Amino acid sequence: MTTYIYGIAAATHPALPDGMGGIGEPAREVRAVRHGNLAAIVSDSPDDLRPKRRDLLAHQSVLDEAGAGGAVLPMRFGSLAQDDEAVVAVLAELAGHYEERLRALDGKAEYNVKAAHDEQAVLHQVLAENPELRAMAEANRVAGGGSYEQKLRLGEMVSAAVRAREGSDGIEVRRALEPCADAVSMGPEGTGWLANVSFLVRRDTADGFVAAVEELRKDQPHLELTVHGPLPPYSFVDPGPARPADDAAAGVR
């Protein structure tokens, strides 16, 4: 039976509730596979595992429950091993690395911050900061909107100014919040936001981080900030040294 891996914790990590269910329908019972100072939080995996909403939520629920009891290295959805023995082999092989990561992440959580522009607010701000753009916009207004070429030129200049502002505002988000975090990880770029940043925050100072986000909202009202957290520290889990292809095929994937 293929083994599904939710995360890795210390062998002394408090046990999860008896009979706790994980992925699958019916839900597979969650258990611990231990080796030395480590424990992998696992369950059996259904043969037809897919990233369905129910299973994604179950994966997150197991990690949330486990994270409440201490440091956990969260695995991405879909992390599998051939069987429990393969899990034990990986725990043995990477014991030093996993133990170091657990110490580094103990008492900490991830907060992901995405930032986007309020389009009208940033447009007003760009015009307010650029006398040339204001003059062009006013000239077009007086001329009844301006010629096609004048409108095109103004639009190009405004777009360039907004893009430049996106870059500087992305830097500002990180600069404002980084002092409240132990580590920072830049997320992938995507349409719809100008910054996607994850912060590793001590749980006992999380209120200060949230307050810093609110202060940034107040100081930069043209920014729309979305915060997700506390989360398992996905962005700060180093998977460990690369392993030969034949070894990896026999273990976690």
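Visitor: How many bridges join β6 to β9?
Guide: First, the labels: helices (H or I, at least four residues) and strands (E, at least two) are DSSP runs numbered from the N terminus, and two strands pair if DSSP finds at least two bridges between them. Here β6, residues 108-117, runs antiparallel to β9 and is joined to it by seven bridges.

Visitor: In what order do the strands of that open sheet come?
Guide: The four go β7-β8-β6-β9, with antiparallel pairing. β7 (183-186) and β9 (223-231) are at the edges with a single partner strand each, so one side of each has no neighbour in the sheet. From one strand to the next, the twist averages 20°.

Visitor: Which helices lie across these strands?
Guide: For angles, axes are lines fitted to C-alpha atoms (for helices, over the stretch in contact), and the angles run from 0 to 180 degrees between N-to-C directions. Helix α6 (residues 148-177) lies across β6, β7, β8 and β9, at about 155° to β6. Helix α7 (residues 206-219) lies across β6, β8 and β9, at about 170° to β9.

Visitor: What is in the largest nonpolar core?
Guide: In soluble globular proteins, nonpolar side chains tend to be buried together. A nonpolar core is a set of buried Ala, Val, Leu, Ile, Met, Phe, Trp, Tyr and Cys residues joined through side-chain atoms within 4.5 Å; buried means under 20% relative accessible area, exposed over 50%, and partly exposed in between (1.4 Å probe, protein chains only). This core has 22 residues, and I8, L38, L73, V87, L91 and Y98 touch the most other members. β1 (3-10), β3 (38-44), α2 (84-93) and α3 (95-105) each supply at least two of its residues. Another core, of 19 residues, lies apart from it and includes A109 and V113.

Visitor: Is T3 buried or exposed?
Guide: T3, in strand β1, is buried, with a relative accessible area of 1%. Contact means heavy atoms within 4.5 Å, and beyond four places in sequence T3 touches R31, D84 and V87, among others. The side chains of T3 and D84 are also joined by a polar contact of 2.8 Å. That term covers a pair of N or O atoms within 3.5 Å; within protein, one must be able to donate a hydrogen and the other to accept it, and residues adjacent in sequence count only if both atoms are side-chain atoms.

Visitor: Where are the cis peptide bonds?
Guide: Most peptide bonds are trans. A cis bond joins E25 and P26, with omega about 5°, and P26 lies in the loop between β1 and β2. A cis bond also joins G229 and P230, with omega about 0°.

Visitor: Where does pLDDT stay under 50?
Guide: pLDDT is the predictor's confidence in each residue, from 0 to 100. Where it is low, the predicted coordinates should not be read in detail. Here pLDDT stays under 50 over residues 242-251, while the chain mean is 88.

Terms used. Residues are numbered from 1 along each chain as its sequence is written. This is a predicted model: local features need pLDDT of at least 70, side-chain atom pairs count only at pLDDT 80 or more; totals for chains, interfaces and linings use all residues. Side-chain values use heavy atoms; hydrogens and water are left out.
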